[in-house]
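Welcome! Please take a look at the sequence and the structure before reading on.

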Amino acid sequence: MGGRPSSPLDKRQQQHLRGQVDTLLRNFLPCYRGQLAASVLWQISRELGPQEPAGCQLLHSKKLPRVREHRGPLTQLQGHPPQWQPIFCVLRGDGRLEWFRHREEYENGDRPLGSVVLTGYTVLTSQSEYLHLLDTLCPEPSGHHAQEEPDPLLEMPVSFPLFLQHPFRRHLCFSAATAEVQRAWRLALQGGIRLRGTVLQRSQAPAARAFLDAIRLYRQQQGHFGDDDVTLGSDAEVLTAVLMRELLPALRAQTLPGLRGAGRARAWAWAKLLDAVHAAVLAGASTGLRAFQPEKEELLAALEKTIRPDVDQMLKLRERVLGRLQANVQGPLESCLRRKVDAQLPRVTQTLLSTVEAELTAVQTLLTQGMDRLSRHLRGSPSSTRLRKEVYSFGEMPWDPELMQTCYREAERSRGRLGQLAEPFGFFGTQSLVFGAQDLAQQLMADAVATFLQLADQCLTTALDCDQAAQQLEKVRGRVLKELPEFEGDVLAVGSPALTIEGIYEDVIRGVLLQRINRELKKALGASNMSCTLDGCSELPWDQGETDVETEAQRGTCSRQPGSSTEV
């Protein structure tokens, strides 16, 4: 399960997959082109529309999301037959995991023994849980009782394992020396998985927004109207996940009966085959999107020149069409919502809002502890070197996986409640919601830390003694903590702008639904005694904003972010 072996696919199979990818792109790209126009119009209308309410005073952190580089020795199950072998592992700041035979190879800049992008992986730290997953991954056909090959995992129990599992990719099996090292790697890996997974959702770029809307429309055309985690990852990774889900039933039917081996050896052979198919599909999707990149850039530039001069007329036209459509569907829509939505909305609101409230409380607590720690050090008349170190540590809090785990844990705890939305609503995007809540916690912490440091820099002067400086920090502390709750009411904002009949029709439905969500949010927030401003939530989804992060839908690759590193 180590470095990538030669592909188990023959030329005919590879050619077949290229044809499948070409068909996918041929059907998807028209949706993408149409949504680019809608997203450019949304972007321009957002620039010209009402700005952020004055009540939200936290600065926006200029630091791009990243994970701390993490490195250290591990053992890995690799080779043929698989054996546990020592390696030196490095988690890069962009969420790519690399491993080397020796530390010196990493320090000399040598090529890694293997590497993997962490998108879509799950970290397991229980050997029994992983073995159970293997047992269910590739069940034996009825009446088949082949002799199972010796299993190195069973022959050598692992005390501190780190199993990386992916539905379509090879599994990676690592082992740490101690429980502390295992925990540090688990937190680092989970951060890398989340960073890679939410790159499109964090973006404000029209291309990223258009891509996500196009994926939704394409899947609806294929008969998929539910919601799941298929949009986690870059544009090429998302397209690959879509096609892999389409191919999986045929792959199982055609391949599993003839797969060699028994038990877990058979499961590993199945994972190896899926990895080869995934690699072929990903390569084809990446190539196709790169080929589309020049056309996309030209189209975006042309749309900007075409739409911006006439944006007022286009928005007025949209409002007229929206008004006519709303008049036609208002009665049936209200009736449908009363029957199928109103009774369920309080439950959904409380489920989502409880997660956000728990995250916000954890952020406030952690931020307060950090600011208090700075004040204590300042009152203690520390050396300038020690104080600079404490200020640096405070500024790095949003990127410290150990500290932020207290916030991220709240979203993980809500996974069960969020999963209960699957049966009544057909919602299977639990991982996306958990990642979204964790991204929210990290962004709020980053903004609050940036605000505190800037305000502190403005009010602290060399004329102040330590006690006076600490008093000024107390005032800054109060201002920052006052602003955090202002963001809670904006969390459930949704939107889908488009100047097409289909898009405006969706806006009508979502607009009416959003009115109900806002009413329910006000009731729930009032009952929970939480301070909140709902003015930023428009009754139509046209004006909703996103975080300002460049994404792979713009660039085609996820750039590597510099950052501090840790070694265990």
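The chain holds 18 helices and eight strands; helices (H or I, at least four residues) and strands (E, at least two) are DSSP runs, numbered from the N terminus. This is a predicted model, in which local features need pLDDT of at least 70 and side-chain atom pairs count only at pLDDT 80 or more, while totals for chains, interfaces and linings use all residues. Residues are numbered from 1 along each chain as its sequence is written, and side-chain values use heavy atoms, with hydrogens and water left out.

**The chain as a whole**

Of the 568 residues in the chain, 49% count as buried. Buried means under 20% relative accessible area, exposed means over 50%, and partly exposed is in between (1.4 Å probe, protein chains only). The accessible surface of the chain is about 27,100 Å², and 53% of that belongs to carbon and sulfur atoms. Such areas come from the Shrake-Rupley method with a 1.4 Å probe; for residues, only the protein chains shown count as cover. Among contacts between residues at least 6 apart in sequence, 77% join residues at least 24 apart, where contact means heavy atoms within 4.5 Å.

**Two pairs of helices**

Two packed helices are described by the angle between their axes and the distance between the axes. The axes are lines fitted to C-alpha atoms, for helices over the stretch in contact, and angles run from 0 to 180 degrees between N-to-C directions.

Take helix α1 (residues 11-48) and helix α8 (residues 263-307): their axes come within 9 Å and cross at roughly 30 degrees. The helices α1 and α8 are therefore roughly parallel to each other, a label for angles under 35 degrees. Their crossing is right-handed, as the near helix is turned clockwise from the far one by less than a right angle. By class, the contact of α1 with α8 has 19 nonpolar, two polar and four charged residues. Here Ala, Val, Leu, Ile, Met, Phe, Trp, Tyr, Cys and Pro count as nonpolar, Asp, Glu, Lys and Arg as charged, and the others, Gly among them, as polar.

Helix α10 (residues 345-379) packs with helix α15 (residues 430-459) at an angle of about 30 degrees, and their axes are 10 Å apart. That makes α10 and α15 roughly parallel to each other, and α10 passes α15 in a right-handed crossing. Residues of α10 including Leu 352, Val 356 and Leu 360 take part in the meeting with α15, whose residues there include Leu 433, Ala 437 and Phe 452. By class, this contact of α10 with α15 has 17 nonpolar, two polar and one charged residues.

Phe 211 lies in helix α6 (residues 206-221) and counts as buried, at 0% relative accessibility. Leaving aside neighbours within four places in sequence, Phe 211 is in contact with Phe 28, Tyr 32, Leu 200, Asp 235, Val 238 and Leu 239.

Thr 125 sits in the loop between β5 (122-124) and α3 (127-137). At 32% relative accessibility, Thr 125 counts as partly exposed. With the neighbours within four places again left out, Thr 125 is in contact with Pro 161, Leu 162, Gln 182 and Arg 186.

Pro 8 belongs to the segment before α1 and counts as partly exposed at 39% relative accessibility. Beyond four places in sequence, Pro 8 is in contact with Gln 13, Lys 272, Leu 273 and Ala 276.

The table pairs each residue with a partner along the chain.

| Residue pair | Separation along the chain | C-alpha to C-alpha distance |
|---|---|---|
| Phe 211 and Asp 235 | 24 residues | 7.3 Å |
| Thr 125 and Ser 159 | 34 residues | 9.5 Å |
| Pro 8 and Lys 272 | 264 residues | 7.9 Å |

Methods
Angles under 35 degrees count as roughly parallel, over 145 as roughly antiparallel, 65 to 115 as roughly perpendicular and the rest as oblique.
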